[in-house]
Amino acid sequence: MRTPTAAIVIIGSEVLSAKVEDENGPYAARRLRAEGVELTAIATIPDSLAMVEETVARERARVDWVFTSGGIGPTHDDLTLAGVARALGRPLVRHPRLVENIERWHARRGVAPLEAALRMADVPEGTVLSGDLAHPVLVVENVVVLPGVPSFFRAQLDRFVTTLTAPPFRLACLFLSLPEDVFAEALDRIAREHADVGVGSYPRFDDTDHLVKITFEAKDARRVEAALASFLEALPAGSVVRREGP
């Protein structure tokens, strides 16, 4: 089965100006990986209509799914839906079910929604409401539009990614007491000989129990084991602090 690919577009000038720390990008990276989806990029852009259009158009052309975060509220800087519509060459239309939701939310407070709130129901033509219709995920072509509030983002992403069936990644980790230069040549050879396995080397310079963490990752556990075994043969005795996975 082919591995789905994805990109994440974090939309918010507040992230780029460090007024707000992004929680959604790291969470989405972990969640997509757990579902067997290959994440190819995380782009963080300002609240700019042109930037949303440009970034979504670029990323959706090269991956299976684009997930956006933020910019779907009622204020002047909430430009995501308009930008996605431009990227897809679709007009904005007011979705009746979203209007119902907004009216219901306001009725709980005993007020009628203002036009600013109703603009949150203006979505690219052809948008599909996925999952719970009371709090739907907005999907148009291969773009999934998600809120920026972390709790809402996580709930909606979790709901959607379960529809992306893909074999999981298999990961094995070695923690070594050796510096990278000692085994770099051997690791280079393993990476060449096992090109279908992702091989990574991550040194540490703190007081942890190891100097380098080595990772081997692929969809096929047998290929991971083969690459790992080949590397272990090249290591001096006693250099492995511990092993995890796959």
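Helix α2 (residues 24-34) lies across β1 (5-11), β2 and β3, and runs at about 165° to β1. The model is predicted: local features need pLDDT of at least 70, side-chain atom pairs count only at pLDDT 80 or more, and totals for chains, interfaces and linings use all residues. Residues are numbered from 1 along each chain as its sequence is written, and side-chain values use heavy atoms, with hydrogens and water left out.

**Helices on the sheet**

- Helices (H or I, at least four residues) and strands (E, at least two) are DSSP runs, numbered from the N terminus.
- Angles run from 0 to 180 degrees between N-to-C directions, with axes as lines fitted to C-alpha atoms, for helices over the stretch in contact.
- Contact means heavy atoms within 4.5 Å.
- Strand β3 (residues 65-69) pairs with strand β8 (residues 143-146) in the parallel sense, over four bridges.
- Helix α4 (residues 80-88) packs on the sheet and touches β1, β3, β7 (137-140) and β8. The direction of α4 makes about 175° with that of β8.
- T68 has V145 as its bridge partner in β8.

**The six-stranded sheet**

- An open sheet is formed by six strands in the order β2-β1-β3-β8-β7-β6, with mixed pairing.
- At the edges are β2 (38-45) and β6 (128-130), each pairing on one side only.
- From one strand to the next, the twist averages 25°.
- Two strands pair if DSSP finds at least two bridges between them.

**T5 in strand β1**

- T5 is found in strand β1.
- T5 counts as buried because its relative accessibility is 12%.
- Buried means under 20% relative accessible area, exposed over 50%, and partly exposed in between (1.4 Å probe, protein chains only).
- Leaving out residues up to four places away in sequence, T5 touches V37, E38, T40, R62, V63, D64 and W65.

**Strand β9 and its partners**

- Strand β9 (residues 170-176) is mostly covered, with five of its seven residues buried.
- β9 pairs with strand β11 (residues 212-218) in the antiparallel sense, over seven bridges.
- β9 also pairs with strand β12 (residues 240-244), again antiparallel, over four bridges.
- F175 stands opposite K213 in β11 and opposite R242 in β12.

**The largest pocket**

- A pocket is an open set of points on a 1 Å grid over the protein atoms alone, where a 1.4 Å probe fits, with protein on both sides within 12 Å along at least five of seven lines; lining residues have an atom within 4 Å of a point.
- The volume is the space filled by probe spheres set on the points, which are joined across faces, edges and corners.
- About 980 Å³ of space lies in the largest pocket.
- Its lining has 40 residues, and I72, P147, G148, V149 and F152 lie nearest the centre.
- Elements giving two or more residues to this lining are β1, α1 (13-16), α5 (96-107) and α7 (150-161).
- α7 gives the most, with six residues.
- By class, the lining has 19 nonpolar, twelve polar and nine charged residues.
- Ala, Val, Leu, Ile, Met, Phe, Trp, Tyr, Cys and Pro count as nonpolar, Asp, Glu, Lys and Arg as charged, and the others, Gly among them, as polar.

**The second largest pocket**

- The second largest pocket has a volume of about 200 Å³.
- Of its 14 lining residues, D78, L81, L92, R119 and D122 are closest to the centre.
- α4 gives the most to this lining, with three residues.
- The lining of the second largest pocket divides into seven nonpolar, four polar and three charged residues.
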